Amino acid sequence: MRNAPAGLPRLIPPGGPLSLAEHLARYGPVPFRDAAGTDGRGLIAEVERAGLTGRGGAAFPAGRKMRAVAETGRRAGPLHSPVGTVVVANGTESEPASGKDQMLLARAPHLVLDGIAVAAEAVGATRGYLSLHAGNDELARQLAAAVAERDREGLNRVPIQVLAAAGGYVASQETALVSHLNGGPPKPTFVPPRPFQKGAHGRPTLVQNVETLAHIALIARFGSGWFSEMGAGAGSALVTAGGAVRRPGVYEIALDMPVGDLLRQAGGPSEPPQAVLAGGYFGGWLPYEQALGVPVSDPALRAAGATLGPGVLVLLPESACGLAETARVAAYLASQSAGQCGPCHNGLPALARALGQLAFGPPDARALGWAEQLLGLVARRGACHLPDGTAAFVASSLRTFGPELRLHGASGPCPRVRRRPVLPAPWHDGSGR
Amino acid sequence: MSPELRVNPIACEAHGLCTELLPELITADPWGYPIIAPGPVPPGLLPLARRAVAACPTLALLLGDPE
Amino acid sequence: MTLLAAQLRASQVLAVRVPPGAIVVNSSTPLWYLTRATGLVALVLLTASMALGLLSSVRYQRPAWPRFVTAGLHQNTALLALAFIAIHVVTTLADSYAPVRVQDVVIPFISAYRPLWLGLGAVAFDLMLALIVTSLVRTRLSYRSWRLVHGGSHLAWPVAVLHGLGTGSDTPVRWVLAVTVACVALIAALTGWRLAYGWPSHAGARLAGALALVLALIAGGAWLTAGPLQPGWARRAGTPPQLIHGGRTITRPAAGGAR
């Protein structure tokens, strides 16, 4: 197939960002229905066949979401008439250790915008939004310019508004983003109704991570067969490798590459390694030796006790204390509660305090039991997944850092708690970064 | 199919009437918020469940078919 | 029965000391008694309902008094109050003594009899109907709409009190006044509690509310002493002239006992 990338990279072109003309030359024209001769609904079926899952962290099947929006939109109007739906490209990226969405928007904006355009056509959208992390004015300007250029060439099909998302960890959650778009607070809302039923401006809304839309743009051109040639059928993904590696940064990998290979690509450990955090702050820890052979894919990582999340892997060195890192992140996550739901608003700070006690305080026989009780009390009792994700992360920490727990429980905090933090916990800066 | 109870955690303000009216299925956590026993409501408790739903001051308790 | 005889009879029935120079407007028909009695009972029940509502908002609870008891009593006293108001309205309409028409019951300030003060009764009645109807279909409304209408209760109760004081011919009667003042004191105290208890983040609004409460009590007390408790109130309140009789002192017939 013409211009179909063989192997990697698929998403990030080598060298600097491509102009619109260079982009079209490299990948071919935007495969709209009329140009490609295929029916819009065909794209949804193609994405379903490809098995593409969302790259924002929840790994929800993209095709299923598109189909839900398209079908709801066909009957959502008065007397079951069709209404124009909305496509939201979620580039908010509030996960502190993640940088892939900003990199994708900077290096391959037209691929994301292609994705918005073809998805909009497939789900019957009449408007589009592209959100990016707050504080990136220069990038916002570049993206707005790219949108304007495509408007002139008739490549957008729907008006697309580039906007800065609100700061804060929960602002990237899909209902929080929709609430923000509707002029409300950037806080999660109760579901149902989910955005695919009633979202921006009350219309069925497709909220997809920007990387997911970029994959959709490629599937629209080159098909599901091409997509599944890599990564044991799951394709490729952008991951952010950080922590104690020599070359931290964003890498595009096939979704069956072992963790060890990724770490090697990122330059290998910069100091003796201890454990790998996979999946960001809703993810889990894997002891270093155990992590090396695990493929970087959501199913494999889940089976090992972690997740893929938004493609975040952080290498924890021996010189750091896993409990201290966990306690700091738990305090950060607790500070990010929207404060709407009692169990989260009360439970997460209590959990953070208990972990702080375990990590930094004198031995306390009750702290561990209380922390474990809190894990059960907060899980799945909020409107969003902040409490569950935090609980899963903390539970994984307590399992993985058993030796530290025993050490601290016997003689108090180890000297490693004073090391400069490895995991970013930017809660003094409201922007979430 | 027997309906299930669930709570809208955003609307819930821990008034606690549901824990008083349906202690068989709803208990209070350390901060007064409801913990609902999972699964469908036993048919014998359905009238009490409906009463608890009507009694919630913020209409946070919901009785409906599972999503 | 002549009017004077009727007045004498009424004062015997009332068996109270009427301030000298006061104008007593009354009718001796049972309907008029029923109207006044049900009005007073409705006020007491409304006060009870409002008090229970305030107790609910401060989350009052004791081991032997769970919250659903407060909630249930609150609803039931409101419904009972509505029953008494219904009788109050029907007997007023049926009694041909005071010229009140059906439309005066729901449309405020258009009656020929004490238009302002009766009109306040219509306002309170309309608000009560809205409160009760929306509460009966509560689960079908959005919480926000229901809450908005329910906020009208803060208006309905004081309006009902003013209606009673302004329209009621029994305002100068000591025990009636005492009951009314007790009702106001209870609600004022509970409102103070509510202001002290809730809205930790809205200290400004709470302070303003407390100030408004105190001012309202002072203004109300001043109006009461200058208005309904003064001679000539019936005329000033808008009683049609043909129902008023010039300042005759009503005394008990000499035969029958001491003053």
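Predicted model: local features only at pLDDT ≥ 70, side-chain atom pairs only at ≥ 80, totals over all residues.
Let me begin where chains A and B meet: nine residues of chain B are in contact with 11 residues of chain A, where contact means that the C-beta atoms of two residues, placed from the backbone, lie within 7 Å. On the side of chain B that touches chain A, six residues are nonpolar, one is polar and two are charged; in this scheme Ala, Val, Leu, Ile, Met, Phe, Trp, Tyr, Cys and Pro count as nonpolar, Asp, Glu, Lys and Arg as charged, and the others, Gly among them, as polar.

Residues are numbered from 1 along each chain as its sequence is written, and chains are lettered from A and ligands numbered from 1 in the order in which they are written.

Staying with chain B, its secondary structure comes to two helices and four strands, and along the sequence these follow the pattern β-α-β-β-α-β; helices (H or I, at least four residues) and strands (E, at least two) are DSSP runs, numbered from the N terminus. The C-alpha atoms of chain B fill a box of roughly 30 × 20 × 20 Å along the principal axes. The radius of gyration of chain B is 11 Å, which agrees with the value near 11 Å for a compact globule of 67 residues; that radius is taken over C-alpha atoms, and the globule rule is 2.2 Å times the number of residues to the power 0.38. Of those 67 residues, 34% count as buried, a term that requires 20 or more other C-beta atoms within 10 Å of a residue's own, with 12 or fewer making a residue exposed and anything in between partly exposed, the C-beta atoms being placed from the backbone. Among the contacts in chain B with a separation of 6 or more, 60% come from residues 24 or more positions apart.

Chain B also meets chain C, and here 11 residues of chain B are in contact with seven residues of chain C. Both α1 (17–21) and α2 (46–55) of chain B supply at least two residues each to the side that touches chain C, and by class that side of chain B has seven nonpolar, three polar and one charged residues.

Which residues does Thr139(C) contact, once its neighbours within four places in sequence are left aside? They are Val53(B), Ala54(B) and Leu59(B). Thr139(C) itself sits in the loop between α5 (115–136) and α6 (143–150) of chain C, and it is partly exposed, with 14 other C-beta atoms within 10 Å.

Turning now to chain A, an automatic or database domain assignment divides it into domain 1 (20–229), domain 2 (233–317) and domain 3 (322–418). The centres of domain 1 and domain 2 of chain A, taken over C-alpha atoms, are separated by 26 Å, and the contact takes 18 residues from domain 1 and 19 residues from domain 2. The helices α5 (100–107) and α9 (210–227) of chain A each supply at least two residues of the domain 1 side, which has six nonpolar, eight polar and four charged residues.

Strand β1 (residues 85–91) of chain A is mostly covered, with seven of its seven residues buried. In a regular strand the side chains alternate between the two faces of the sheet. For β1(A) both faces are covered, with Thr85(A), Val87(A), Ala89(A) and Gly91(A) buried on one side and Val86(A), Val88(A) and Asn90(A) buried on the other. This strand pairs in the parallel sense with β2 (residues 125–132) of chain A over seven bridges, where pairing requires that DSSP finds at least two bridges between two strands, and Thr85(A) stands opposite Ala125(A) in β2(A). A parallel pairing of β1(A) with β4 (residues 205–209) of chain A runs over five bridges, and there Val86(A) stands opposite Thr205(A).

Finally, five strands of chain A form an open sheet with mixed pairing, in the order β6-β5-β9-β7-β8. Since β6 (249–254) and β8 (284–287) of chain A stand at the edges with a single partner strand each, one side of each is left without a neighbour in the sheet. Within this sheet, β7 (residues 273–278) and β9 (residues 312–317) of chain A pair in the antiparallel sense over five bridges, and the bridge partner of Pro273(A) in β9(A) is Pro317(A).
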